[in-house]
Amino acid sequence: MIGEHGWATTIESLHPGIAWRADGIEIGFLRGGTLRLAGDGLLVIPSVFVGHVAAHMEDPWPRTLIYSARGTAALWGEQETVPQPDALAALVGRDRARLLLALDAPASTSHLARSLAMAPGAVGDHLAILRGAGLLVRARSGRSVLYRRTPLGEAPVAGTS
């Protein structure tokens, strides 16, 4: 901005209470009135931690004007995430990811063990962990217990397609 518009416009764009004057920079919100730099210089620092402008004018430190860096709103806003192909497996493990993906329709432990070529005991252990995490629920249907994904369990699966 300095290259395009010069120092005066750049400094005044930092805050409505800052003005470029012939004899220096006037900071209207500075407590204690006007402070003359008298050739000491002014350190101008962008920051993601200040909301608008802050000033430090006490000795022995350099006179400093800290302003909100442009584009900082994007830092704190919601970022778009792109699911990675193996992200679900990295999150819950390969076997649990396979189980979550296989539960497009409710299924029993034995059905899942057969279709995924896994030991029924291992399937049962993984299902218990996924259910404990709130990713699955179970319900009895006749003589079988069927597992299905909860809305929480649907969320990580949705990012894999």
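User: What percentage of the 161 residues in the protein chain is buried?

Analyst: This is a predicted model, in which local features need pLDDT of at least 70 and side-chain atom pairs count only at pLDDT 80 or more, while totals for chains, interfaces and linings use all residues. Residues are numbered from 1 along each chain as its sequence is written, and side-chain values use heavy atoms, with hydrogens and water left out. Buried means under 20% relative accessible area, exposed over 50%, and partly exposed in between, computed with a 1.4 Å probe on protein chains only. For the 161 residues of the protein chain, the buried share is 25%.

User: How many helices and strands does the protein chain have?

Analyst: Both kinds of element are DSSP runs numbered from the N terminus, helices being H or I runs of at least four residues and strands being E runs of at least two. Counted in this way, the protein chain has seven helices and eight strands.

User: Is threonine 10 buried or exposed?

Analyst: Threonine 10 belongs to helix H1, which covers residues 2–12. A polar atom of its side chain lies 2.8 Å from the backbone oxygen of glycine 6. Because its relative accessible area is 11%, threonine 10 is classed as buried.

User: In the open sheet with the order S6-S8-S7, how many bridges join S7 to S8?

Analyst: The three strands of this sheet pair in the antiparallel sense, and S6 and S7 are its edge strands, each pairing on one side only. S6 (residues 107–108) is joined to S8 (residues 144–149) by two bridges, with tyrosine 147 as the partner of alanine 107. S7 (residues 136–141) and S8 form a hairpin with two residues between them, and glycine 142 in the turn has a positive phi of about 65°. Serine 141 stands opposite serine 144 and arginine 140 opposite valine 145, and the number of bridges joining S7 to S8 is six.

User: At roughly what angle do the axes of helix H5 and helix H6 cross?

Analyst: Axes are lines fitted to C-alpha atoms, for helices over the stretch in contact, and angles run from 0 to 180 degrees between N-to-C directions. The axes of H5 (residues 109–116) and H6 (residues 120–132) come within 9 Å of each other, and they cross at roughly 115°.

User: Which residues of H5 and H6 make the contact?

Analyst: Contact means heavy atoms within 4.5 Å. The residues are Thr109, Leu112 and Ala113 of H5, together with Pro120, Val123, Gly124 and Leu127 of H6.

User: What separates the C-alpha atoms of glycine 93 and histidine 126?

Analyst: Glycine 93 lies in the loop between helix H3 (87–92) and helix H4 (94–102), and glycine 93 is partly exposed because its relative accessible area is 27%. Along the chain, glycine 93 and histidine 126 are 33 residues apart, and their C-alpha atoms are separated by 9.8 Å.

Technical notes:
Pairing = 2+ DSSP bridges. Polar contact = N/O pair within 3.5 Å; in protein donor to acceptor, adjacent residues only side chain to side chain.
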